Amino acid sequence: MATSQVLRPTSIGDDVKKVANTAEGSSSFWSRASTWGLLLPLLYFALDGVSPFVNSAVAMRATLTSSAGGVLLDRLSNVLIFGGCMIFVVGRHQSVRRLSMQMKLVASFPLLVLLLSPVSQQVTRTLSSGVVLLGGILLIFYIMARYTFNEVLELFLVLGTGTIVASILFAIVLPQYGLDRMGGHSTAWKGIFSAKNYLGNMALFFLTVAVSYRPRTNFFRSMRFSQILFCLIAIAFSHAATGYMLTAVYIAYALTLKTVRSFRKKDYFVAFILLFVAFAAVIAVVILQPDFLFKLLGKDATLTGRTEIWEAVLGSIAKRPLFGYGYQAFWLGFKGESYRIILTVTWALAQAQNGFLDIMLELGIAGLAIVLLLFGFAFRDGVTCLLRSYDEAQLRAVEWYLAIVILTFIYNLDESFLFEPRHLGSMMFVIACIGLKLERMRLRSSTTSQIA
C-alpha cells in the first residue's frame, strides 16, 4: 500500500524531491540494522540517561556525580553516548552538514555552549555535557535527513510503546522502582522514567505521535490504538498536574484543527482569532480567579513553591545576566550559587522549575535569545503552512510539529527540559523546529515553481 510522504528540500535553493513511501520502501525501513540500532541512543535519551532501577531523588543527582568516582563515570558515559551518536552521523555526514547549514539557529546552541565554557562555574562539566548535547543535535540532523515524516513517527511509536508498556509493568509488578516515592508521591507512577512528571511528559508526547501517525499495516494500526490507550493510562496514574492540563490542551488543539480543516483557507484566520479570544478569556479567568485553577490542578497559590524558587533564581540571574554560570554548571547541589537558592527555599533542587529561567542561569541572555528565536520562527513557519498549504500530508506533519512546539513552550513554564543534554522531549522539540522550517521551505519552493 503506497502512502504519500512529506517532501523535504535537501538544501536551500535545490529542487524539492518527492519521496513516495512504497510498500517495498516501508518494509526496508525496519530491515536496516541502523534503524534498530537507532532505538538504543533514543532509549538512552528517553530515560534521561538514568537506569530504571534507580529511585533516588532527582534533585540530588548532580551532587552525587560531583564525587571523584561519579565524575569519572559521568564523563566516560558522556564520551560513549557522543561516540554512539557519531556512528550514525558519520555515515551521512554530507546530509547532516547540509542540514546543519540550513538550520544555523539550532546548530548555534551547542556551539554557544562550548564557546562559553571558559566562563563556566565548572568547565569540565560544561564541556562534557555540551559534547552530549552536540551529539544529540547531530543525531537529530541525521534522523531528519534520512527518514520521512511517517518513518520518524513510526520510530517514536515503537520507542513509545516499549517505554510506556514497560513503565506500566514497572509500576504494577516492581513498585519499588516504578512508583515515585520521593516528595510524598508514594502512589504516583514514574515507571522506568526518572520521575512522575517525566512519565507524564513523555506519555503525552508519545500520545501526540500515536494520534498523528498513519499506520501502513494492521500490526501498526493495532500498535497505534494500543499506544493511545497506554499513554492515557500512564498520564492518569502519573498524578502529574501539568500533564493533566496539557493533555486537555492537546485534545482541544487536535479537535480544533480537525474542525478547521473543513474550512476554507480564508476562514482559517477567523478561526485563529476566535481561538486567540478564547485563550485570552481563559488567561483573564486565571488572573482574576486564580484559586479555581490552583484547586483544579491540585496546587496552591505558590504553585507548590515555584514562585519562591523563581524569585530566588532571578536574584542569581541578575549576578550574571549576559552569559550565565555555564551549561549544566549551575545546579551543583550544596556548592556555588545553587546552595544559596537551596538555603532560601529549603528544598534540594536540580532545576528552576522553569525552562526559560534555567537557560538564563546557564547561558544568560545569549542562550535565551536563541531559544526565543527558535520558538518565534517555529510558530511563524507553522502558521504560514497551515494558512497556505493545501497538501494534506504536509498539513498533518505541520500539525504534529506545531503541537510539540506548543506543548514544549507551556511545559517549560513550570518544568524544565529546554536543551537538556539527555532528554527526549527536548530532542522532539528540536525535531519539530527543524521540521516546521523544512515544511515552510517546501511550501515556498512549490509556490515558486507554480508561478514559474
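**Close-up 1. H10 passes H11 in a left-handed crossing.** In this predicted model, helix H10 covers residues 196-212 and helix H11 covers residues 218-238. Their axes come within 8 Å and cross at roughly 155°. Because angles over 145 degrees count as roughly antiparallel, H10 and H11 are described as roughly antiparallel to each other. On the H10 side, look for Lys-196, Leu-199, Gly-200, Ala-203, Leu-204, Phe-206, Leu-207, Ala-210 and Val-211. Facing them from H11 are Arg-224, Gln-227, Ile-228, Cys-231, Leu-232, Ala-234, Ile-235 and Ser-238. Sorted by class, the residues of this contact between H10 and H11 comprise 12 nonpolar, 3 polar and 2 charged.

**Close-up 2. Arg-224 places its charged end over the ring of Phe-225.** The charged end of Arg-224 lies 5.3 Å from the centre of the Phe-225 ring. Arg-224 is also one of the H11 residues that meet H10.

**Close-up 3. H10 also packs with H18, in a right-handed crossing.** Helix H18 spans residues 392-411, and its axis comes within 10 Å of the axis of H10. The two axes cross at roughly 165°, which makes H10 roughly antiparallel to H18. From H10, the contact draws on Gly-200, Asn-201, Leu-204, Phe-205, Thr-208, Val-209 and Ser-212. H18 contributes Arg-396, Trp-400, Ile-404, Leu-407, Thr-408 and Tyr-411. The contact of H10 with H18 has 7 nonpolar, 5 polar and 1 charged residues.

**Close-up 4. H6 and H17 pack at an angle of about 175°.** Helix H6 is made of residues 104-115, helix H17 runs through residues 355-388, and their axes are 10 Å apart. H6 and H17 are therefore roughly antiparallel to each other.

**Close-up 5. Ring pairs link six named aromatic residues into a cluster.** The members to pick out are Phe-29, Trp-30, Trp-36, Phe-88, Tyr-142 and Tyr-147. For context, a search of the whole structure finds 29 aromatic pairs.

Key
Residues are numbered from 1 along each chain as its sequence is written. This is a predicted model: local features need pLDDT of at least 70, side-chain atom pairs count only at pLDDT 80 or more; totals for chains, interfaces and linings use all residues. Side-chain values use heavy atoms; hydrogens and water are left out. Axes are lines fitted to C-alpha atoms, for helices over the stretch in contact, and angles run from 0 to 180 degrees between N-to-C directions. Helices (H or I, at least four residues) and strands (E, at least two) are DSSP runs, numbered from the N terminus. Angles under 35 degrees count as roughly parallel, over 145 as roughly antiparallel, 65 to 115 as roughly perpendicular and the rest as oblique. A crossing is left-handed if the near helix is turned anticlockwise from the far one by less than a right angle, and right-handed if clockwise. Contact means heavy atoms within 4.5 Å. Ala, Val, Leu, Ile, Met, Phe, Trp, Tyr, Cys and Pro count as nonpolar, Asp, Glu, Lys and Arg as charged, and the others, Gly among them, as polar. Rings of Phe, Tyr and Trp (its six-membered ring) pair if their centres lie within 6.5 Å; planes under 30 degrees apart count as stacked, over 60 as edge-to-face and the rest as tilted. A charge sits over a ring if NZ of Lys or CZ of Arg is within 6 Å of the ring centre and within 35 degrees of the ring normal.
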